[in-house]
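Student: Can you walk me through reading this model? I'd like to know how each feature is defined before we look at the case at hand.

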Amino acid sequence: MENLFEIVGDKFFKPLTDNDRKRLKNLLGTEFKAVVEYMLEHNCKLEQEALDI
């Protein structure tokens, strides 16, 4: 996976809270696994405005 920070820049990232980490771990078995792993590894949450679903 490309470095998301390099793609969208820091204006869309915030550090994870403990609660964020708990909720993200519940999503590891889903189709979003790659993004969730990146977020956990880099301690960042991607703001919804940066997502194009």
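**Helix against helix**

Tutor: Let's begin where two helices touch: Arg21, Leu24 and Lys25 in H2 meet Val36, Met39 and Leu40 in H3. Contact here means heavy atoms within 4.5 Å. By class, the contact of H2 with H3 has four nonpolar, no polar and two charged residues. For those classes, Ala, Val, Leu, Ile, Met, Phe, Trp, Tyr, Cys and Pro are nonpolar, Asp, Glu, Lys and Arg are charged, and the others, Gly among them, are polar.

Student: What should I know about where the model and its numbering come from?

Tutor: This is a predicted model: local features need pLDDT of at least 70, and side-chain atom pairs count only at pLDDT 80 or more, while totals for chains, interfaces and linings use all residues. Residues are numbered from 1 along each chain as its sequence is written, and side-chain values use heavy atoms, with hydrogens and water left out.

Student: How many helices and strands does the protein have, and in which pattern?

Tutor: Helices (H or I, at least four residues) and strands (E, at least two) are DSSP runs, numbered from the N terminus. The protein has three helices and two strands, and along the sequence they follow the pattern α-β-α-α-β.

Student: How do I describe a helix pair, and at what angle do H2 and H3 cross?

Tutor: Two packed helices are described by the angle between their axes and the distance between the axes. Axes are lines fitted to C-alpha atoms, for helices over the stretch in contact, with angles from 0 to 180 degrees between N-to-C directions. The axes of H2 (residues 18-25) and H3 come within 10 Å and cross at roughly 150°. H2 and H3 are therefore roughly antiparallel to each other (under 35 degrees is roughly parallel, over 145 roughly antiparallel, 65 to 115 roughly perpendicular, the rest oblique). 

Student: Is the crossing of H2 and H3 left-handed or right-handed?

Tutor: Left-handed. That label applies if the near helix is turned anticlockwise from the far one by less than a right angle; clockwise gives right-handed.

Student: Which residues make up the largest nonpolar core?

Tutor: A nonpolar core is a set of buried Ala, Val, Leu, Ile, Met, Phe, Trp, Tyr and Cys residues joined through side-chain atoms within 4.5 Å. Buried means under 20% relative accessible area, exposed over 50%, partly exposed in between (1.4 Å probe, protein chains only). The largest such core has five residues: Leu16, Leu24, Val36, Met39 and Leu40. Helix H3 (residues 33-42) gives the most to this core, with three residues. Leaving aside neighbours within four places in sequence, Leu24 is in contact with Leu16, Val36, Met39 and Leu40. The buried residues of H3 are Val36, Tyr38, Met39 and Leu40, and of the protein's 53 residues, 21% count as buried.

Student: Is Asp20 buried or exposed?

Tutor: Asp20, found in helix H2, counts as buried at 9% relative accessibility. Not counting residues up to four places away in sequence, Asp20 touches Pro15 and Lys45. Asp20 and Leu40 are 20 residues apart in sequence and 9.2 Å apart in space, C-alpha to C-alpha.

Student: And the loops: where does Asn43 lie?

Tutor: Asn43 lies in the loop between H3 and strand E2 (45-46). Phi of Asn43 is near 50°, a positive value in a residue other than glycine. Asn43 is partly exposed, with a relative accessible area of 33%. Asn26, in the loop between H2 and H3, is exposed at 64%.
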